[in-house]
Amino acid sequence: NLLSFKYVAACRVALVACVLLCVYVCGSLGAVSYLKESKFSSSYYVSPPTFNGHLTGPIGFPLNQTSPWYLAQWDITHPISLGPVVRGSGPCYLKNADWYTANPSSRICYQSSTNSLELSQAADDLKCAIEYDLFVSPTTGPYTGVPYNWNTNVGTLSQLRNVYFNFTVQIPYRQITPRCGTTPCGNGANLDYAYSTAAVVLSSPTHNQGLFYQIILSDSRAGLG
């Protein structure tokens, strides 16, 4: 899960990730890249709002039959369309985007000239006190039947010394309004806030070990971003 973008309740947020450079580790095996394909693709698989172990698609243009990336949408009311994407920039913050797909919950735009992907969310008609997530991730387990964009010859967790995670990201727009709570930060269980993160998961299925790291890119509760 390399670029995750999350928010809760009444928020409008846009995030643009540009040219994912690399994720690699240094250890007893030397420097090894975690990803087989580090750049974004012109097409993407799509996961359902409720996990079922399967990906659909891909969607995009040019439409490839396979993709090293997928778009995840957790608990979102309006699922990402699996129909043909719209050619052109449309409502995207990315100018001269190759394609986009949009609905009341989210918008995804892709620009090939800069290898950039835009993820945008809105929560005007979503329930309160629930987290709604939209993120892009390399194709990995537990999804089956898709290419595996994750090198498995990077050694064990005990062999790692450093993990390097390089990417460029921009947040061009964010609006938080008091819809569920009494203030933009809300109170009690009803919070109106947004945050975006980049994340790296290190796991060893053989030894049932896992480490989950999140880098906070912005958080409206702390005034970050």
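**Stop 1: the whole chain**

Begin with contacts, meaning heavy atoms within 4.5 Å. Among the contacts in the chain with a separation of 6 or more, 63% are between residues 24 or more positions apart.

Before going on, two notes. This is a predicted model, where local features need pLDDT of at least 70 and side-chain atom pairs count only at pLDDT 80 or more, while totals for chains, interfaces and linings use all residues. Residues are numbered from 1 along each chain as its sequence is written, and side-chain values use heavy atoms, with hydrogens and water left out.

Now switch to the cartoon view. How many helices and strands does the chain have? It has zero helices and 14 strands. Both are DSSP runs numbered from the N terminus: helices are H or I with at least four residues, strands are E with at least two. Along the sequence the pattern is β-β-β-β-β-β-β-β-β-β-β-β-β-β.

The chain exposes about 10500 Å², and carbon and sulfur atoms supply 53% of that. Accessible areas come from the Shrake-Rupley method with a 1.4 Å probe; for residues, only the protein chains shown count as cover. Of the 225 residues in the chain, 48% are buried. Buried means under 20% relative accessible area, exposed means over 50%, and partly exposed is in between (1.4 Å probe, protein chains only).

**Stop 2: the disulfide**

Select Cys92 and Cys109. A disulfide joins them, with 2.1 Å from S to S. The cut-off for a disulfide is a pair of cysteine sulfur atoms within 2.5 Å. The structure holds one disulfide. Cys92 lies in the loop between strand S7 (86-87) and strand S8 (99-102), and Cys109 in strand S9 (residues 106-111), so the link ties together parts 17 residues apart in sequence. Look along the S-S bond: the angle about it is -90°, and the link of Cys92 and Cys109 is left-handed. Are these cysteines buried or exposed? Cys92 is buried at 5% relative accessibility, and Cys109 is buried at 0%.

**Stop 3**

Some background first. Most residues other than glycine have a negative phi, and most peptide bonds are trans.

Select Gly57 and Pro58. The peptide bond that joins them is cis, with omega about 10°. Pro58 is in strand S5 (residues 56-60). Move on to Phe61 and Pro62. The peptide bond from Phe61 to Pro62 is cis too, with omega near -10°. Pro62 is in the loop between S5 and strand S6 (69-74).

Next, select Asp75. Its phi is positive, near 65°. Asp75 lies in the loop between S6 and S7 and is partly exposed, at 46% relative accessible area.

Then select Asn115. Phi is positive at Asn115 as well, near 50°. Asn115 sits in the loop between S9 and strand S10 (116-122) and is buried, at 9%.

**Stop 4**

Select Val85, in the loop between S6 and S7. Val85 is buried, with a relative accessible area of 15%. What is Val85 in contact with, leaving aside its neighbours within four places in sequence? Show Ile59, Gly60, Phe61, Trp99, Tyr100 and Thr101. Ile59 is 26 residues away along the chain, yet the C-alpha atoms of Val85 and Ile59 are separated by 6.9 Å.

Jump to Ser116, in strand S10. Ser116 is buried, at 0% relative accessible area.

**Stop 5: rings**

Show the side chains of Phe, Tyr and Trp. The structure holds seven aromatic pairs. Rings (for Trp, the six-membered ring) pair if their centres lie within 6.5 Å; planes under 30 degrees apart count as stacked, over 60 as edge-to-face and the rest as tilted.

Select Tyr44 and Tyr110. Their ring centres are 6.3 Å apart and their planes are at 65°, so the pair is edge-to-face. Tyr44 is in strand S4 (residues 43-46) and Tyr110 in strand S9, 66 residues apart. Both Tyr44 and Tyr110 are buried.

Now select Trp74 and Phe135. Their centres are 4.8 Å apart and their planes at 90°, so this pair is edge-to-face. Trp74 lies in strand S6 and Phe135 in strand S11 (residues 131-138), so the pair ties together parts 61 residues apart in sequence. Trp74 is partly exposed at 34%, whereas Phe135 is buried at 2%.
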